[in-house]
Amino acid sequence: MQSQKRSSVPEGTKTSQTERTHKKKGVKYHTITIHNRCAETISVAALYVDSDGSKKVAGWFVVEPNAKEDIGVKTYEHLIYLHAESSKGSVWDGSLDPENQIEAPVFDKSFEYSMDQISYLDKDSAEWVSFFSSDIPSNLRNYTLPFTCK
C-alpha cells in the first residue's frame, strides 16, 4: 500500500449527554496517546466506541517522528482498533491477527464518521483497510500505544 501524508483531524468535540451521565456516576473514559518511536511521520486512524455509545472511525492523526500525541479519542470501552501508515510506507494493520481484525473505509483527508453512516459515505473516495485491535487495561485512563518502525 502506498502511504500518503495525511492531514490531522480538527480539534474540538462537544460533550455528549452519555459522557455527562458517566461523569456523574464516576465512570471515567480512556484517552489514547500514540507514541511514534519511528524516525518517520505516521498517520493513524482509529475505530472505537465513542462516549455516546456509537462506533466511530476517525483519522488521520499525524504524529511526528519520536513524538507522543493525544489523538483526542475518548472511549469507555476497553478495546480500540487502529490502522497506521508511515511516510515511508510502513503499515500497521490487522493482517498479523486476522481473527481480531476489523475493516472499515478511510479517506485521504481528515475524516470522522459513525459506522451507522457507512452506507452514506462516498465510496469512490474511500479505501477499505484493516484495523488491528488493542486492549486497553481497565486501570489505565490515559493509554499510550507505541508504534515502532519495521
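## The disulfide

A disulfide is a pair of cysteine sulfur atoms within 2.5 Å. In general terms, a disulfide is a covalent bond between the sulfur atoms of two cysteines. This structure holds one disulfide. The disulfide links C38 and C149, with an S to S distance of 2.0 Å. The torsion about the S-S bond of C38 and C149 is about 120 degrees, so this disulfide is right-handed.

Where do the two cysteines sit? C38 is in the loop between β1 and β2, and C149 is in the segment after β10, so the pair ties together parts that are 111 residues apart in sequence. Strands (E, at least two residues) are DSSP runs, as are helices (H or I, at least four), and both are numbered from the N terminus. C38 counts as buried because its relative accessibility is 1%. C149 counts as partly exposed, at 23%. Buried means under 20% relative accessible area, exposed means over 50%, and partly exposed lies in between (1.4 Å probe, protein chains only).

## About the model

This is a predicted model, in which local features need pLDDT of at least 70 and side-chain atom pairs count only at pLDDT 80 or more, while totals for chains, interfaces and linings use all residues. Residues are numbered from 1 along each chain as its sequence is written, and side-chain values use heavy atoms, with hydrogens and water left out.

## The nonpolar cores

A nonpolar core is a set of buried Ala, Val, Leu, Ile, Met, Phe, Trp, Tyr and Cys residues joined through side-chain atoms within 4.5 Å. The largest one has 21 residues. Those with the most contacts inside this core are I32, I34, A46, V73, I80, L82 and F147. Two or more residues come from each of β1, β2 (42–49), β3 (55–63), β4 (68–75), β5 (79–86) and β10 (142–147). β2 gives the largest share, four residues.

Now look at I32. Contact means heavy atoms within 4.5 Å. Beyond its neighbours within four places in sequence, I32 is in contact with E69, D70, I71, G72, V73, I80, I136 and Y143.

## T31 and its polar contact

T31 is in strand β1 (residues 30–36). T31 counts as buried because its relative accessibility is 12%. Which residues does T31 contact, leaving aside its neighbours within four places in sequence? They are D70, V73, K74, R141, N142 and Y143.

The side chains of T31 and N142 are joined by a polar contact of 2.6 Å. A polar contact is a pair of N or O atoms within 3.5 Å; within protein, one must be able to donate a hydrogen and the other to accept it, and residues adjacent in sequence count only if both atoms are side-chain atoms.

## Q101 in a loop

Q101 lies in the loop between β6 (91–92) and β7 (102–106). Is Q101 buried or partly exposed? Q101 counts as partly exposed because its relative accessibility is 28%. The side chains of Q101 and S130 make a polar contact (3.4 Å).

## The salt bridge

Side chains of opposite charge can pair when their charged atoms come close. A salt bridge is a side-chain nitrogen of Lys or Arg within 4 Å of a carboxyl oxygen of Asp or Glu. By this rule the count is one salt bridge. K56 and D50 form a salt bridge through their side chains (2.8 Å, N to O). K56 is buried, with a relative accessible area of 14%. D50 also counts as buried, at 15% relative accessibility.
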